[in-house]
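Look at the sequence and the structure first, then read on.

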Amino acid sequence: MNKAQLVEAIADKLGGRQQAAEAVDAVLDAIVRATVAGDRVSVTGFGSFEKVDRPARYARNPQTGERVRVKKTSVPRFRAGQGFKDLVSGTKKLPKGGEVAVKKAPKGSLSGGISRTTAKAAAKKATAKKAVAKKTTAKKAVAKKTTAAKKTVAKKTTAKTTAAAKKTTAAKKTAAAKKTAPAKKATAKKAPAKRATSRKTTAKKTTARKK
């Protein structure tokens, strides 16, 4: 039986060939991806798929008998479940109609899906994502505090500069006012002197006329 025949065999149960083809593709894709990632895919009563590492070794070429070094590699392995083995060996008989009965998965296991290893890996990934999210949030909070502190310092500096500028301007105005005030007083003092001179001149003219 090939893939097309498998799809045809389950098409009636899934409501059509298209649905059956999509179901077969989805199941195979999930098994392959989980196995490549190093997870063990276990279907209770049917079997399990897992990735097995083979160390580097020496082998012989069957045609020449020459010794050849084989690199380290990984291979997929399928182990049939006890229910599957019993049916194949004849210990148990296949039902005449309906589906093949397989044992129900025990509590805590994943029947027809990935194993506990996959669940643990997913939990670790989720924990790692949460940790990264927390670190990112902490960095953003620190950045906000730094920005706020910079703004506060900038405001204080601007206030100090403005106050200093105001004081300088006020001091300049006061100095200018002080300089202007003595000049006005001196002018006022000079005016009476001119009047005294005019009086002396008038007195001299009167004396000359009397003579």
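Q: Which residue does Glu 50 meet in a salt bridge at 3.4 Å, N to O?
A: The model is a predicted one. A salt bridge needs a side-chain nitrogen of Lys or Arg within 4 Å of a carboxyl oxygen of Asp or Glu. At 3.4 Å, N to O, the side chain of Glu 50 meets that of Arg 79.

Q: How many residues apart are Glu 50 and Arg 79?
A: Glu 50 belongs to strand S2 (residues 47-54), and Arg 79 belongs to strand S5 (residues 73-80). The pair therefore links distant parts of the chain. The separation is 29 residues.

Q: Is Glu 50 buried or exposed?
A: Buried means under 20% relative accessible area. The relative accessibility of Glu 50 is 16%, so Glu 50 counts as buried.

Q: What does a relative accessible area of 45% make Arg 79?
A: Buried residues lie under 20% and exposed ones over 50%, with partly exposed in between. Arg 79 has 45%, so the word for Arg 79 is partly exposed.

Q: How many salt bridges does the structure hold?
A: Side chains of opposite charge can pair when their charged atoms come close. Among the salt bridges here is the one between Arg 17 and Glu 8, with the closest N and O atoms 2.7 Å apart. The structure holds 5.

Q: Which helices hold Lys 3 and Asp 25?
A: The side chains of Lys 3 and Asp 25 meet in a salt bridge at 2.4 Å, N to O. They are 22 residues apart in sequence, so the pair ties together separate parts. Lys 3 lies in H1 (residues 3-14) and Asp 25 in H2 (residues 17-36).

Q: What do Lys 3 and Asp 25 count as, by relative accessibility?
A: Lys 3 has 45% relative accessibility. Asp 25 has 35%.

Notes:
Residues numbered from 1 in each chain as written. Predicted model: local features only at pLDDT ≥ 70, side-chain atom pairs only at ≥ 80, totals over all residues. Heavy atoms only, no water. Helix = DSSP H or I, 4+ residues; strand = E, 2+ residues; numbered from the N terminus. Buried < 20%, exposed > 50% of the residue type's maximum accessible area, 1.4 Å probe, protein only.
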